Amino acid sequence: MASYSNEPLRNPNLTINSKEPFNAEPPSDILREHFVTPNDQFYVRNHAPVPNLDGRTHRVQVEGLVPHPLELTAEQLRSQYEQVTVMATLMCAGNRRTEMASIKKVRGVGWGHAAISNAIWRGPRLRDVLLNAGIEKLESQWEDLHVDFEGVDICKENRGYGSSISLMKAMDPRGDVIIALEMNGCELPRDHGYPMRMVVPGIVGARSVKWLKSIRVQAQESTNYYQKRDYKLFPPHVDWDTVDDWWDKAPAIQELPVQGAVIQPKQGEAITTGSPYTIKGYAISGGGRRITRVDVSLDGGKSWEIARLFSKVNEYHTKNKTKWSWEFWEFPVLAFPSPCEVVVKAWDEASNTMPEDLAQIWNLRGVMNNSWIRVKVNSKSRF
């Protein structure tokens, strides 16, 4: 049994939601300060002790139905394949779980709204590696196949953490699925998968497996605990007495929904009535769908105005560069009407938006909470 005696050093300002295994999120105001999240401020989601691997000798096995199995070190992945750069936001399925727990108890790490971060990843395309393994010979079967990933971190059932995506996603030239070797211009930190990890843009973070040990093409999705018995979405009436009837019925979560958060003001913050104030937050959608609008209400959702989007005012972060990234937004208020309830909802380019009623999407695992964002603001005296 691996121990927690050799964990990496971490930024002390992270909010620790679980010590063993280590799960932590950055302060939300710091998160919102950086469009590209610094490595030491990137949220950490672990399921076991952090492996301490030798990046020179560690290998990933490419196996399963591929005609030509491969065994590759990080250096071979770097020297034998084209290196591509992908800016992508990763988000834990449990982001905003604590809000859902306010309706009824859920099980899982108690995340706030900062279990999400954005980074610039670099490494070879998974597509190129699979083509080198001869996957084109199976092209007529691609729609029915899956790619299983497993890490070396031993978790449930004495197996490494594992997950899978469809082969069609893996082989999509526009899907940008990569085996990441770098994060924000540096080698991967240990907490984030050194020496190699998957980055699957537009998909829930649970599928971007760290400390990669194997890539397996197979006829069924992953049989790993975290694909079959976790990270699934159930109707609100399902509880722990009836959930065993649902594990095989519910599909594993893949693409992210429209999601967002208000970073400023904080819940319960006191703001001087009539003073100028700028509301700030983030929004994101899955599948490469960009955020096109963020609506803000200062009267609990009775009337709405439109926030200003980051990508429309910042020339460097053009839409072409942020296909898989979150969107920052802000809404300046000339005279803040505190006390009030700030309500926010976002829309993506497919006109998907966020559900109003949190109770209607409650689920016993507390995942995929993307209900309207509600922040109650108190008044503060001018004197």
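In this predicted model, strand 8 (residues 146-154) and strand 14 (residues 212-218) run antiparallel and are joined by six bridges. Within this pairing, H146 stands opposite Q218 of strand 14. Strand 14 also pairs with strand 4, this time in the parallel sense, through four bridges. Here G64 faces V217 of strand 14. Strand 4 (residues 59-64) in turn pairs with strand 5 over four bridges, and that pairing is antiparallel. R59 has T73 of strand 5 as its bridge partner. Five residues separate strand 4 from strand 5, and the two form a hairpin.

In general, the strands of a sheet are held in pairs by backbone hydrogen bonds, whether parallel or antiparallel.

Aromatic rings were examined next. The structure holds 13 aromatic pairs. One of them joins F234 and W247 in an edge-to-face arrangement, with 5.1 Å from centre to centre and 80° between the planes. Both residues lie in the loop between helix 6 (225-228) and strand 15 (259-264). The pair therefore ties together parts that are 13 residues apart in sequence. F234 and W247 are both buried.

A second pair is formed by F310 and F328. Their ring centres are 5.7 Å apart and their planes stand at 65°, so this pair too is edge-to-face. F310 belongs to helix 7 and F328 to strand 21, so the pair ties together parts that are 18 residues apart in sequence. F328 is buried, with a relative accessible area of 3%. Ring pairs also link F310 and F328 into a cluster with F35, Y282 and W326.

The loop between helix 7 (310-313) and strand 21 (327-333) contains S325. This serine is buried, at a relative accessible area of 9%. The side chain of S325 makes a polar contact with the side chain of N118, at 3.2 Å. Leaving aside residues up to four places away in sequence, S325 touches F35, M87, A88, T89, N118 and I284.

The structure holds zero disulfides. C92 is in no disulfide, and the nearest cysteine sulfur, that of C155, is 14 Å away. For C155, the closest cysteine sulfur is that of C92, and the 14 Å between them is too far for a bond. The cut-off for a disulfide is a pair of cysteine sulfur atoms within 2.5 Å. C92 is buried, with a relative accessible area of 4%. C155 is buried as well, with a relative accessible area of 17%.

Note on methods
Residues are numbered from 1 along each chain as its sequence is written. This is a predicted model: local features need pLDDT of at least 70, side-chain atom pairs count only at pLDDT 80 or more; totals for chains, interfaces and linings use all residues. Side-chain values use heavy atoms; hydrogens and water are left out. Buried means under 20% relative accessible area, exposed over 50%, partly exposed in between (1.4 Å probe, protein chains only). A polar contact is a pair of N or O atoms within 3.5 Å; within protein, one must be able to donate a hydrogen and the other to accept it, and residues adjacent in sequence count only if both atoms are side-chain atoms. Contact means heavy atoms within 4.5 Å. Two strands pair if DSSP finds at least two bridges between them. Rings of Phe, Tyr and Trp (its six-membered ring) pair if their centres lie within 6.5 Å; planes under 30 degrees apart count as stacked, over 60 as edge-to-face and the rest as tilted.
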